[in-house]
Amino acid sequence: MDVARFVEGLHEHTAGFAEAVAGADPNTRVPTCPEWPLRVLVGHIGQAHRWAAGIVRSGPTPVPDPFDADPGDPAEWSDWLRKGAADLADTVLAAAENPVWTFFGPQPATFWLRRMLHDTTVHHVDAALATGTAFEVAPDLAADAISEWLELLSDPVASTIKPAFAELRGTGQTLQLRPDTGSGWLITRTPDGVRWARATDVADVTLAGPVGDLLLVLTRRLPVGQVTITGDRDLADHWLAHTAA
C-alpha cells in the first residue's frame, strides 16, 4: 500500500471513531478494553497520534499513559481527534522516508503512519462496540493490518517488548489465515520465532472468512466463532491467547 492510502485510511477511521463516540457518555465502559471508560479510549487515540508525530519530529519519548490523556469537552472530541490525525499525517509526509526511531530500530517515518492507522482501526471497533454503532473496514486496509501485525510479531524484538510473544515459538506448527478473496497468510512457529508468508497452503489449522472478520478475530474484537476453523483448534486458541496486544 502506498503512503496516500495510509493517510486516507487514517483520516477515514479517525472520522469513523469520532462519529462512533459522538454524544456518548464519557463514562461508558469499553467491553473490549474493560479497564477503560470511553473517555480514556478517546484520549488514547488523540494522545497516540500526537505522540507518534512527536517521535517523527524530535525523536523518542516515553510511551504515554492513556489515563493521563485529556481529550477535553466531549463536544469537542471530534475536532481534537481530527487535528491529531492531521498533524501526524502532515508530519510523516514532511519527513518523507527519513529514518526515525521505532521499537524495532530505525524505520522510515511511514512506519508510524501505518502503525497508527491500524491501531486507530482496531480502536474504532472498540468505540463502535461500546456505543452500538456500525463498523466497516475496507478489505485492503484489513489485509495490510494483518500483514503489519505479523511483521511486528516476527521481529525478534517483539518478545522483549511483550514476553507472552515468546510462547509463539514452536517446532514447525503452521496456522493459515484464508480470506474469501486474495491470497492468505501462512504462519509457521519455529524455534526462533514466528515466520510468515503471503501464501495459501495446507496447514495444521486454518481460519477462513472475510478478511475484515479475520482481522477482528485476530485482535479479539470478534469471537473466534465468527470465522470457520478447520484443523487443530488448540493451536488456534493458543495463538489467540498469546497475541493479545
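Colleague: How many salt bridges does a search of the whole structure find?

Modeller: This is a predicted model, where local features need pLDDT of at least 70, side-chain atom pairs count only at pLDDT 80 or more, and totals for chains, interfaces and linings use all residues. Residues are numbered from 1 along each chain as its sequence is written, and side-chain values use heavy atoms, leaving out hydrogens and water. A salt bridge here is a side-chain nitrogen of Lys or Arg within 4 Å of a carboxyl oxygen of Asp or Glu. Searching the whole structure for such pairs gives a count of 10.

Colleague: Which residue forms a salt bridge with Arg5?

Modeller: Side chains of opposite charge can pair when their charged atoms come close. With the closest N and O atoms 2.7 Å apart, the partner of Arg5 is Glu8.

Colleague: Is α1 roughly parallel or roughly antiparallel to α4?

Modeller: Axes are lines fitted to C-alpha atoms, for helices over the stretch in contact, and angles run from 0 to 180 degrees between N-to-C directions. Angles under 35 degrees count as roughly parallel, over 145 as roughly antiparallel, 65 to 115 as roughly perpendicular and the rest as oblique. The axes of α1 (residues 3-21) and α4 (residues 110-131) come within 8 Å and cross at roughly 25°. That angle makes α1, relative to α4, roughly parallel.

Colleague: And how is α3 oriented to α4, roughly parallel or roughly antiparallel?

Modeller: The axes of α3 (residues 77-95) and α4 come within 9 Å, crossing at roughly 155°. This makes α3, relative to α4, roughly antiparallel.

Colleague: Which residues of α4 make the contact with α3?

Modeller: Contact means heavy atoms within 4.5 Å. On the α3 side, the contact is made by Leu88, Ala89 and Val92. Facing them in α4 are Thr110, Trp112, Leu113 and Met116.

Colleague: Which residue in β5 stands opposite Ile187?

Modeller: Two strands pair if DSSP finds at least two bridges between them. Strands β4 (residues 185-190) and β5 (residues 193-198) run antiparallel and are joined by six bridges, with a hairpin of two residues linking β4 to β5. Opposite Ile187, the residue in β5 is Trp196.

Conventions. Helices (H or I, at least four residues) and strands (E, at least two) are DSSP runs, numbered from the N terminus.
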